[in-house]
Each structure stands twice: as C-alpha cells, then as structure tokens.
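This report concerns selected local features of one protein chain. Please consult the sequence and the model displayed here.

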Amino acid sequence: MFKEGELVMYGGMGVCKVEKIGRPDFAEPDDDTQFYFLEPLYKSGIFYVPVKSRKASLRKVISKKEAKNLMENLDDVKWEIYSNPSIQKLSQHYQSIIDNHDCKELISLIKSIIEKEVEAQSKNKKLGQIDKRFRKKAEELVYGELAAVLKMDREKIESIISEGLQS
C-alpha cells in the first residue's frame with residue numbers, strides 16, 4: 001500500500017502524487033472501497049484508483065540511485081530497431097514496452113526510434129507517425145519519472161538523455 005505524499009507511476013499517465021487515501025464523493029454509501037487520489041505531476045486532474053485494484057498499473061517510482069545509475073550509463077542501454085509493415089503489430093510492439101513502465105526499456109525504445117529516424121533520413125524518407133507517437137509517449141514517461149526522482153526540470157533530463165543517446 002502506498003502512503004499519502006508518495007510518488008508513484010500510474011500506467012501511461014506518468015508520475016502522480018498520492019494526495020490522499022479514502023472514499024471519493026461519487027462512491028456508493030454502502031461501498032467501503034478505499035481509493036488512492038492520484039494527482040499527476042505534469043497534467044491536471046485527479047485519478048481515483050481502488051487501493052486493492054489488481055488491474056491498475058501502479059508502482060513506486062524508481063529510486064534516486066537507480067535514476068542516477070541509468071543517467072550515467074546511457075551507453076549501456078541496448079537497443080534494436082523494430083520494423084514491421086503492419087501498423088497494428090508495430091503499435092502492439094511499442095505499446096507492450098510502454099505498458100512495462102521500465103525506464104531502461106523506455107530509453108531503449110527512444111534510442112531505437114532515433115536510430116530508425118536517422119536511417120529513414122539517410123534514404124530521404126520521414127519517420128512514420130506511429131514511431132513519432134510512441135517515442136513521444138516513452139519520452140514523457142521516462143523524462144517525467146527521472147525529473148521527479150532527481151528533482152530536476154524535465155527539459156534538463158531530456159537534454160542529458162538526448163546528448164547521451166546521440167553519442
């Protein structure tokens with residue numbers, strides 16, 4: 001169980017702060033289900049997630065030590081360009097990585113799409129919209145988590161990672 005004030009990753013929504021634990025106003029009077037009231041750090045709104053939900057993808061953010069280690073070892077992140085003529089299969093592949101919510105895998109995805117873009121440009125082609133969309137989603141998730149954990153601006157994290165992946 002998470003505590004009030006704790007930072008968590010909530011599915012594809014990104015980093016959220018557990019504002020409180022309790023029953024929302026919309027709960028039925030005879031329903032004693034407890035909810036996390038999650039406030040996203042980089043978006044507006046509140047998410048209500050049942051404390052005992054097995055379907056909700058909710059995890060504690062990575063530690064500061066893990067975040068620093070990841071940032072310092074970007075060269076060690078393995079990547080592989082994934083191509084598939086089926087847009088559906090390409091989307092499923094990318095979505096499975098997004099759904100894992102693993103920072104190292106997200107950085108690997110970003111790196112592979114960067115390399116895919118470089119390869120496309122060398123052939124005077126453009127990167128596909130699916131690739132662009134999933135790169136942006138991966139960047140939002142990983143930059144947000146690292147920025148929250150390391151207490152840095154997302155733009156600074158983006159700059160460090162972009163520089164590290166291009167070397």
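The model is predicted: local features need pLDDT of at least 70, side-chain atom pairs count only at pLDDT 80 or more, and totals for chains, interfaces and linings use all residues. Residues are numbered from 1 along each chain as its sequence is written, and side-chain values use heavy atoms, without hydrogens and water.

Glu-6 lies in the segment before strand S1 (7–10); strands (E, at least two residues) and helices (H or I, at least four) are DSSP runs numbered from the N terminus. Because its relative accessibility is 19%, Glu-6 counts as buried (under 20% relative accessible area, 1.4 Å probe, protein chains only). Leaving aside residues up to four places away in sequence, Glu-6 touches Cys-16, Lys-17, Val-18 and Lys-60 (contact: heavy atoms within 4.5 Å).

The two pairings are set out below.

| Elements | Arrangement |
|---|---|
| S3 (residues 35–40) and S4 (residues 47–50) | antiparallel, four bridges |
| H2 (residues 87–100) and H4 (residues 129–150) | angle of about 5 degrees, axes 10 Å apart |

Strands pair if DSSP finds at least two bridges between them. Phe-35 has Pro-50 as its bridge partner in S4. Six residues separate the strands in the hairpin of S3 and S4, where Gly-45 takes a positive phi near 115 degrees.

H2 and H4 are therefore roughly parallel (angles under 35 degrees, taken from 0 to 180 degrees between N-to-C directions, with axes fitted to C-alpha atoms over the stretch in contact). Among the residues making the contact are Leu-90 and Tyr-94 of H2 and Phe-134 and Leu-141 of H4.

Terms used. Buried means under 20% relative accessible area, exposed over 50%, partly exposed in between (1.4 Å probe, protein chains only). Angles under 35 degrees count as roughly parallel, over 145 as roughly antiparallel, 65 to 115 as roughly perpendicular and the rest as oblique.
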